[in-house]
Amino acid sequence: MTEINHNFDYEVIRSNRRTLSIEVHHQKVKVRAPQGAPNDWIEGFVYQKAKWIARKLVEQAQRDESRLKLQDGEVISFMGQVRHLTIKEGVNRIQLTDDKLQISNKDLSYESLKKQLDRWLLAQAKERLPQRVETMAGTMGLARKLSGVRFRKTKTQWGHCTAKGIVQLNQLILLTPTHIIDYLIVHELCHLKHLNHSKRFWKLVEKHCPDYQQAEVWLKQYGHSVWF
Ligand SMILES: [Zn+2]
């Protein structure tokens, strides 16, 4: 057996609960514990879970590593086509060519570029995607159930569908391959009929997107790489 030394810090959050639990998010370890839990009980618990925690930390570090850094020369996909990111100082502008996404900004800090690209992606999504969603809804015989298409960049979701027939998509889907964009649209459109992930829901998804399982695998494996 290998020796486990846990070289990570963790934060203990005490509350009115009866059990201990561990969370690893954004490379931080949090232990939730009952108010009066003795420290050595908590320490022992963390020690027991050290291997699992270490694995999670590595996984999350790798994810962060593969995220978009918005650096000159980075390669991205936009609407299914490979583009090289060029970033230079200048008037605030984004230009899309066949093989490049050229960003110029007076302020080249990550935060400023992020804001600029966010705004641009939202505008692109509004321009390019509603038509595609409506056409697909028509093909799927769901046009009458669709009452609108909205966009929102959330931290955890690719899309969402409301009981009122509004399909909401994360504009980051523009940075995924085309078959993933289509899968995500099909997925949300199928929620117009089934507002759950029941067997019937997945049957309907499969009918309109036979390769949906591969798309799900892609999203799990590479989805985080389009996040910034
Ligand atoms: Zn869903």
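Me: Which residues are exposed on the other side of α2?

Reply: Keep in mind that this is a predicted model. Exposed means over 50% relative accessible area, and buried means under 20%. Going by that, Lys51, Arg55, Gln62 and Glu65 are exposed on that side of α2.

Me: And which residues of α2 are buried?

Reply: Those are Ala50, Ile53, Leu57 and Gln60. They sit on the same side of α2, because they cover an arc of only 90° around the axis.

Me: How far apart should the ends of α2 be?

Reply: Count 1.5 Å a residue: the 17 residues of α2 (residues 50-66) should span 24 Å. The C-alpha atoms at its ends are 24 Å apart, so that agrees.

Me: Now for sheets. How do strands of a sheet pair?

Reply: They pair through backbone hydrogen bonds, either parallel or antiparallel. Here, an open sheet of 4 strands runs in the order β4-β5-β7-β6, and its pairing is mixed. At the edges are β4 (75-78) and β6 (93-96), each pairing on one side only. From one strand to the next, the twist averages 30°.

Me: How many bridges join β5 to β7?

Reply: There are 6 bridges between β5 (residues 81-89) and β7 (residues 100-105), and these strands run parallel. To find your place, look for threonine 86, which stands opposite glutamine 102 in β7.

Me: Which helix lies across β4, β5, β6 and β7?

Reply: That's α3 (residues 110-139), running at about 130° to β7.

Terms used. Residues are numbered from 1 along each chain as its sequence is written. This is a predicted model: local features need pLDDT of at least 70, side-chain atom pairs count only at pLDDT 80 or more; totals for chains, interfaces and linings use all residues. Side-chain values use heavy atoms; hydrogens and water are left out. Helices (H or I, at least four residues) and strands (E, at least two) are DSSP runs, numbered from the N terminus. The expected span of a helix is 1.5 Å times one less than its number of residues. Buried means under 20% relative accessible area, exposed over 50%, partly exposed in between (1.4 Å probe, protein chains only). The arc is that of the directions from the helix axis to the C-beta atoms. Two strands pair if DSSP finds at least two bridges between them. Axes are lines fitted to C-alpha atoms, for helices over the stretch in contact, and angles run from 0 to 180 degrees between N-to-C directions. Contact means heavy atoms within 4.5 Å.
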